[in-house]
Structure formats: structure tokens, C-alpha cells
Amino acid sequence: MDVILLQLLNGLDKGGAYALIALGLTIIFGTLGVVNFAHGALFMLGAFCAVSVQALLTISKKVKDESIKFFDAYKEIPYLEAWWGDTGATIIDYAVPISILIAIPLMLLIGLGMERGLIRYFYKRPHAEQILVTFGLAIVVQELIKAQFGANPIPTPAPEVIAGSANVGLWVGLGESVVYPWWRLIYLAFAGVVIALAFAFLNLTTYGMVVRAGMADRETVGLLGINIQRRFTIVFGMAAVIAGLAGVMYTPILPPDYHMGMDFLVLSFVVVVVGGMGSLGGAVLAGFMLGILQSFASMNEVKSILPGIDQIIIYLIAVVILLVRPRGLLGRKGVMES
Amino acid sequence: MMFAGLSRNDKLLFAGFTIAALAMPLLAWPVGANYPDLLQKFAIYGIFAIGFNILFGLTGYLSFGHAAFLGVGSYAAVWMFKGVTMNVIPAVIFGVMVSGMFAALIGFVSLRRSGIYFSILTLAFAQMSYNLAYSVLTPITNGETGLQLRQDDARILDRMFVEQSEGLPSTNLFGLEMSGYPGFYFCCVLLIIAFFIALRIQRSPFGMMLRAIKTNQVRMNYTGFNTRPYALTAFIISGMYAGLAGSLLAVTDPLAGAERMQWTASGEVVLMTILGGAGTLVGPILGAGLIKYFENIFSSYNDGLLAESFSFLPDFLNDALVFVIGPFVGEGWSLLLGIVFMAIVIFLPGGLMEGLARIHGWYRRRGQGDAGRNVAKQAAE
């Protein structure tokens with residue numbers, strides 16, 4: 001029972017990341033009809049927002065280390081700490097939450113710039129060319145980040161207060177044996193909130209209603225005198241923000257490096273396909289489902305029966321779904337079925 | 001007989017290609033690329049790109065998992081070296097056959113879908129193979145270390161007929177060692193054969209069928225053709241080309257690693273084909289050669305070397321140039337590749353071959369324009 005709960009949490013966690021990235025991918029596909037291979041790069045850029053914020057906050061000056069008497073030793077103290085003492089240290093400690101505030105406008109700008117600068121020229125081009133150009137863009141972004149930050153993962157820890165683990169077992173009456181890191185629980189909650197917000201925006205506001213109408217029939221909405229293109233651009237920006245936030249929040253779980261975007265991209269595409277291209281609910285459902293399945297497949301009991309299943313389970317499911325039900329779990333009939 | 005049914009232009013093209021391929025060491029000499037290791041790469045990745053082009057350029061299916069076949073070919077060839085003989089012929093044949101069978105399996109499933117779904121299916125299969133090669137299949141693939149030759153390998157045939165020497169044996173073609181120029185010429189001959197087969201395919205009714213699938217598959221189906229066997233055949237042929245390239249990689253350097261199957265490696269052959277020109281015969285080889293050449297040149301540069309090569313300039317100019325170009329060489333070579341690739345997809349979707357065609361057309365039109373104007377002038381006089 002303990003093990004199952006633990007794996008469930010693990011799966012929900014991973015599924016949260018998949019769902020967030022896949023949600024953005026599928027929104028972009030549903031609105032603009034563009035297959036965006038650079039979406040993983042947006043996820044990575046979000047993560048590196050957190051890295052940059054942390055680097056900015058910890059710009060340091062050299063001061064003499066008084067504790068060492070035998071020779072002149074110097075240590076680096078961040079300016080923030082030097083100016084404000086403990087308050088400064090706390091600010092540095094909260095680098096990751098702070099970077100969320102910075103990531104939102106930044107990722108929105110990046111998303112809008114990307115759509116206006118590149119993607120819009122590819123609406124009418126075949127999917128293969130969209131894949132290729134965004135693949136090229138992903139390489140460029142990835143290499144720029146590598147040139148700037150180096151090839152090694154950069155640790156960006158969560159704030160001290162929540163560094164420990166929560167006693168999840170106690171909450172559900174399983175005793176003290178099940179503990180789980182606080183940050184991962186927060187990530188799960190965060191993913192839930194972001195997904196809920198995205199759905200609320202699209203389903204409960206007039207703006208979102210028009211966007212959905214545009215997804216269903218772009219031309220009619222355009223003929224009604226609505227600038228649907230501009231709304232779609234903004235929706236693209238939103239998708240970029242969602243991917244970026246997923247990246248920011250993921251940094252304490254996995255120290256970011258330049259190829260994390262590519263790693264997640266392949267999986268997220270699989271998630272989108274399993275959920276159904278252009279289906280928002282499908283992306284979320286498939287994201288969590290595949291996350292959970294993957295974490296259960298990596299249990300030793302399962303692996304001893306089917307060795308290597310944890311490595312391929314997601315792809316295997318994608319293959320089966322594509323062959324049996326090509327429109328995906330919740331895909332609309334007739335959308336990209338061939 | 002061999003050339004029956006080929007037009008005069010095709011014969012010329014093939015003759016020109018053969019001469020160019022055989023004279024590659026000479027042609028590459030002015031640009032400083034005439035060492036065998038690099039030339040071997042040109043030939044091997046040329047074969048890989050030709051094969052990819054049969055699937056993508058002709059049939060219109062964008063596979064994002066082609067490196068899997070390359071990897072399988074490498075593994076199969078190395079196993080042949082380990083188990084039977086260091087002669088390269090059986091290894092190459094075995095590599096091609098195994099990857100052909102592998103391609104038949106994957107193609108049979110993947111080709112049930114087209115468009116982006118096909119891309120994702122192939123990607124999924126390639127990632128599966130890659131992950132499995134790293135984990136469960138370690139007895140076959142030797143995991144992260146990669147499959148290597150060892151002194152105590154079986155090598156049944158070799159032990160029967162050839163006297164064993166100290167140290168690791170090297171790959172050979174009936175005694176001729178497959179390193180350096182002999183290795184290159186072996187790859188080169190196979191490249192020429194591969195090119196010839198691709199040429200024949202492109203000009204055959206079968207090739208016409210493949211192009212019809214690319215242009216309008218729905219219409220083909222309505223006309224009563226079952227397109228899937230044709231697409232599957234193209235897929236298998238293309239996989240066999242990749243397997244050939246993979247086994248040649250093992251021939252020139254007998255080890256095989258799983259990283260050859262990673263999807264970024266599949267992306268590389270896509271880059272090559274697009275850069276040169278998908279759907280053309282020479283384009284993919286051109287793209288493969290260019291990418292491998294510039295990879296080799298640029299990734300060996302660093303800021304120091306760069307400063308040296310601009311040392312004739314005044315200091316501030318030198319610094320500025322190093323600052324501007326620096327990020328694109330050495331480690332940053334992929335950045336340059338990405339930018340060039342994006343530019344090609346945006347402005348020249350037909351690749352370099354389309355660029356050449358455009359320049360050619362422009363000259364011709366200008367020539368005609370001049371001629372027309374002269375005629376007008378004469379008429380006026």
C-alpha cells in the first residue's frame with residue numbers, strides 16, 4: 001500500500017510536468033494548427049529564468065574572511081546579504097518563487113515574439129516544414145543557452161523552509177512510512193492550479209469562448225469581425241507562459257541543463273498524441289495517466305516480470321493508441337485522424 | 001543492360017558522380033579535407049542521406065527515427081566481426097539485412113499512419129530502441145560502454161583459416177586493411193552503387209509511384225492503388241541504406257554505441273537532406289558532405305586559433321571579430337548549424353539544390369533578356 005501511494009505521487013508529479021507542456025503544445029496546435037517542436041525549448045527557457053534570477057540575486061563581492069587568521073583569505077558574499085543581512089539571505093533563498101513573477105512577463109514576451117517573428121509565416125506551410133523550422137529553432141535556443149550557461153546542470157534549490165519532506169502517510173492514515181518532498185507536492189498543486197486557470201480562461205471567459213470558436217471555425221469567426229489572429233497570438237504567448245512556469249517550478253526537482261527541453265519534448269509530444277491532437281482535456285488526462293503508468297512501470301516488482309518496461313512503456317502506449325484509436329483518447333472525430 | 005532505360009542526362013549524371021566520388025581526395029584537397037577519416041564520413045553519411053531521401057524526399061514520409069537503423073546496422077556488423085570473421089563483406093551484408101528486417105517490422109506498424117503521426121511513431125520506436133539498447137539489451141549492446149572487439153572473441157572463420165596475431169585484429173577486405181584510403185575507397189564504391197540504385201529507383205515506375213504517394217495519396221487510393229506496399233518497400237530500402245551506413249561506420253571503426261540511435265542523430269540526417277535538397281539525387285549527398293565538413297572545421301576552432309587566423313588585422317578589429325565569430329565555432333558549431341538550417345527551411349525549402357536551380361534560372365533568363373533586348377535594338381536600327 002505504501003509503495004503504491006508513493007508511486008502514485010511520483011507519477012502524478014511527473015504527469016504534472018508532462019501535462020503542463022502537453023497542454024501548451026496542444027493549445028498551439030488547436031489554435032494555430034502549428035506543430036511546435038520548439039516547445040521543449042520554452043520549458044527549458046523557463047527553467048533558465050530561475051537560474052538567471054538566482055545568479056542575479058547572488059552577484060557577490062569579495063570580502064576578507066575574518067575567521068581565518070593564518071593568511072589572507074577571501075570569501076564571496078552576495079551584495080544582497082551584505083546590504084540587508086538576513087533579509088537579503090532570505091530573498092536569495094526564495095530565488096525560485098521570485099523567478100515565477102519574472103518568468104510570466106518574460107515568457108509572454110518570448111512567446112509573442114516567436115509567434116510574430118517566425119511561426120506566423122508557417123501557418124500555410126506543410127506540417128513537415130513546421131516541424132523542421134521549429135526543430136531548428138529549438139537547436140538554436142538550446143545552443144545559445146549552452147553557450148551562456150555551460151553544459152553542466154545548475155542546481156537551483158527550493159527555499160529552505162520547504163526543503164524537507166512531508167509526512168504524507170500520516171495524512172491518509174498509513175503511518176509514518178510514507179514521506180514525500182514538500183516541493184514535489186507543491187509542484188503537483190501548482191500544476192493543478194495552472195491547468196485549472198487555463199481551463200477557466202478558455203471555458204469561462206468571453207475571450208476564451210471566442211478563442212474556442214476560432215479553434216472550431218476560424219474563418220467564420222474572422223468574418224464576424226473579430227481579429228482572431230491577434231487572439232491566437234496571445235494564446236500562443238499563454239502557452240509559452242505555461243511551459244515556462246512548468247520549467248521554473250521544475251528546477252528544484254531536476255537541476256536544469258541545456259538539453260532538458262529536448263528530453264521533455266519527445267515525451268510531451270507522445271502525451272499530446274495519446275490525448276488527441278488539439279484536445280486540452282486529453283493532454284491533461286494523458287499527461288497524468290502516462291506519468292503514473294511510467295512510475296508504476298519503474299517499480300522493481302514490475303521490472304522483474306517485464307525487464308525494461310519502464311524505459312518504453314510510454315512509447316509502447318503511444319504506438320498502441322495511434323494504431324487503435326488514432327484521434328487519441330479525447331480527440332475530436334475527424335481531427336488529424338489519417 | 002545496366003544502363004538500359006536511363007536517359008542521356010542520367011548517364012552523364014552518373015558518370016560525373018562516379019568520377020567526382022572517386023576523385024574526392026583530390027577535390028577535397030584545396031579545402032583541406034583530404035584525410036581519409038573525414039572522406040570516409042562523407043561517403044558513409046552520403047549513403048545514409050541518400051537512403052533517407054528515398055523515404056522523405058520521394059515518398060514524403062518524414063521519419064524522425066532513422067538513426068535506429070543506423071545503430072542496428074552498426075551493432076549487427078560488430079557482432080559479425082566478433083563472431084565470424086574480420087572480413088568486411090559478411091559484416092556489411094549482415095548489417096544491411098538485419099536493419100532491413102528491423103525496418104520491415106517498424107515500417108509495417110508506422111506506415112499505418114501518415115503525416116505528423118508517422119513522424120511521432122518512428123520517433124517513438126527509435127527512442128524505444130535507444131532506451132532498450134541502454135538498459136535491458138545490455139548483453140547484446142554492451143550498454144553505455146558500447147560494443148567493442150575483444151581479444152578473446154570467437155571469430156570462427158578467422159581462427160580456422162588465418163593465423164592469429166597478437167593484439168586486436170583490424171577489419172579487412174580479404175587481407176586489405178580497412179583503414180585510411182583503402183577504407184575510404186571501399187565506402188566510396190558502395191556510395192557509388194548506392195547512388196546508382198537510388199537513381200534507378202527514382203527513374204523507375206516504382207519511383208513514380210512513390211512520388212505519386214507524396215503528391216496525393218488520397219487520390220492514389222481512390223484510383224484503386226494500394227499504396228501501402230509501395231511505401232513499405234521504400235521504408236525498408238531506406239532502412240537498409242541506413243543499415244549499410246551503420247555497418248560501414250563499424251567497418252572503419254569497429255565499435256557501436258547506443259548514442260548513434262538517439263533522436264538527435266535522426267535529426268542530423270534530416271538536416272543533411274533538407275540542407276542539400278530533399279527529393280533531389282545529389283542534394284542529400286551534398287548536404288551530408290557539407291555538414292560533416294563544416295562540423296570538422298568549425299568544431300576544431302577555438303578563440304585562440306581564431307585570434308591567430310585574424311592576427312593580420314588591427315587588435316581591436318581582431319577582438320571584435322573573435323567576439324562575434326567565437327560563439328559559432330568549437331562547441332558552438334551546432335548553433336551555426338541550427339541557424340543555417342532555419343534559414344534554409346524559411347527561405348529555400350528546396351535546399352541548396354533549389355538555390356542552384358534558381359541561380360541557374362536567373363542567369364538563363366538574364367541571358368535571354370539580353371538577347372531579346374539586342375534583337376529589339378537591331379530592329380530599331
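Analyst: The radius of gyration is taken over C-alpha atoms, and the globule rule sets it at 2.2 Å times the number of residues to the power 0.38. For chain B, which has 381 residues, a compact globule would have a radius of gyration near 21 Å, and the 23 Å found for this chain therefore agrees with that expectation. The model is predicted, so local features need pLDDT of at least 70 and side-chain atom pairs 80 or more, while totals for chains, interfaces and linings use all residues. Residues are numbered from 1 along each chain as its sequence is written, and chains are lettered from A in the order in which they are written.

Along its principal axes, the C-alpha trace of chain B spans about 90 × 70 × 40 Å. Chain B contains 18 helices and four strands (DSSP runs of H or I with at least four residues, and of E with at least two). Of the contacts in chain B between residues at least 6 apart in sequence, 77% link residues at least 24 apart, where a contact means C-beta atoms, placed from the backbone, within 7 Å.

Turning to the side of chain B that touches chain A, the contact draws 34 residues from chain B and 30 residues from chain A. On the chain B side, α6 (115-134), α13 (263-276) and α17 (333-347) each supply at least two residues, and α6(B) gives the most, with 12 residues.

Conventions. Contact = placed C-beta atoms within 7 Å.
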